[in-house]
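This report describes the strand order, helix packing and aromatic contacts of one protein model. The sequence and structure are shown first.

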Amino acid sequence: MFGLKTDWSLELPPAYYTLEDYEGGTGRWCPGCGDFAVLTAVQRICRDEQLPPEQVVAVSGIGCSSRFPHYMKTYGFHGLHGRALPVACGVKSRRPDLKVWVATGDGDCCSIGAGHWVHAIRYNMDMTVMLFDNAVYGLTKKQTSPTSPTGFQSNTHPGGSWLPPLNPLTTTLGFSNVSFVAQTVDWNPMHLHTTLVAAYKHPGLSFVRILQRCPTYSDSMFRDLQDDPERLLLLEHERGLAPAPPLQRMYAKRLEHDPLDMAAARALADSTEQVPIGVLFADPSRPRYDEHTAEGLGMGVQERVDALNAELDRFAV
Ligand code: SF4
């Protein structure tokens with residue numbers, strides 16, 4: 001009629017999420033804090049992957065970095081000290097469809113939360129765990145943390161920490177059923193982003209230690225690594241990170257490292273000569289507990305009742 005098409009329906013494009021769709025409250029970390037870089041990287045990944053914000057959950061415990069969920073415009077859970085991982089496992093076990101990001105610190109994960117750390121790694125549910133390691137308790141104003149280096153002066157050890165620090169990489173690599181371990185630094189946004197992308201895409205629990213600057217309480221902690229990039233060893237492999245040429249140009253020292261090689265991963269993690277950055281270990285074939293807990297989630301009410309009765313009937317006398 002009147003020369004017009006009869007089909008007036010419009011081909012609407014699917015919703016496109018922008019960075020603003022993931023930006024929550026204004027970050028209240030100190031100026032120059034490395035946490036800002038991590039937050040930006042995660043928001044970019046959510047945007048690049050076009051994750052519906054209602055399908056994303058940010059979970060944390062207690063500490064500076066644990067303010068993370070407040071700054072994501074997604075679902076979030078700011079939990080108790082050391083309890084980020086059990087909350088995240090709970091979310092994942094009942095809603096395996098959600099994308100879970102865990103923000104935890106060296107105190108939160110490696111001290112009070114250490115028991116949960118062991119078992120979350122073993123359960124290997126599909127989530128990305130980011131260890132913001134600034135080697136100091138920042139929120140409570142400068143106490144020695146499990147990863148503080150020997151000699152580090154703090155309010156709890158004014159004469160300097162005298163215990164050797166815990167190494168989160170070698171420790172995690174020693175846990176049963178470990179699936180993915182990587183290390184990156186907050187001051188290189190490209191490497192940080194690339195590492196977190198690899199972690200996000202790994203099927204299973206990805207543990208990423210992020211060397212994170214705390215300019216307020218441990219200003220010089222990683223200064224030598226920033227000033228001398230040759231102290232860092234860039235790990236490359238098609239099964240891990242395949243760094244883009246600009247990233248390769250930043251680091252003179254590079255190593256082809258197969259992330260399936262556990263012995264080599266442990267040796268690298270233990271090295272005092274150089275600090276490895278990239279994927280140390282990745283084995284996507286490790287069993288995942290969230291696949292087990294997902295069984296039966298799609299059942300209707302009557303199906304659940306029938307299944308429950310069938311189970312109970314096994315014990316009838
Ligand atoms: Fe960041 Fe340190 Fe300030 Fe905490 S105290 S927000 S870790 S700079």
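Is Trp117 buried or exposed? Trp117 is buried, with a relative accessible area of 2% (buried means under 20%, exposed over 50%, partly exposed in between; 1.4 Å probe, protein chains only).

## Basis

The model is predicted: local features need pLDDT of at least 70 and side-chain atom pairs pLDDT 80 or more, whereas totals for chains, interfaces and linings use all residues. Residues are numbered from 1 along each chain as its sequence is written, and side-chain values use heavy atoms, without hydrogens and water.

## Aromatic pairs

Rings of Phe, Tyr and Trp (its six-membered ring) pair if their centres lie within 6.5 Å; planes under 30 degrees apart count as stacked, over 60 as edge-to-face and the rest as tilted. The count by this rule is nine aromatic pairs. The pair of Trp117 and Phe207 is stacked, because the ring centres are 6.1 Å apart and the planes stand at 25°. Trp117 belongs to helix H4 (residues 114-123) and Phe207 to strand S8 (residues 205-211), so the pair ties together parts 90 residues apart in sequence (helices, H or I, at least four residues, and strands, E, at least two, are DSSP runs numbered from the N terminus). Phe207 is buried as well, at 1% relative accessibility.

## Sheet

Nine strands form an open sheet with mixed pairing, in the order S2-S1-S3-S4-S8-S7-S11-S9-S10 (two strands pair if DSSP finds at least two bridges between them). Strands S2 (75-78) and S10 (254-256) each have a single partner strand, so one side of each lacks a neighbour in the sheet. Strand S4 (residues 127-133) pairs with S8 in the parallel sense over seven bridges.
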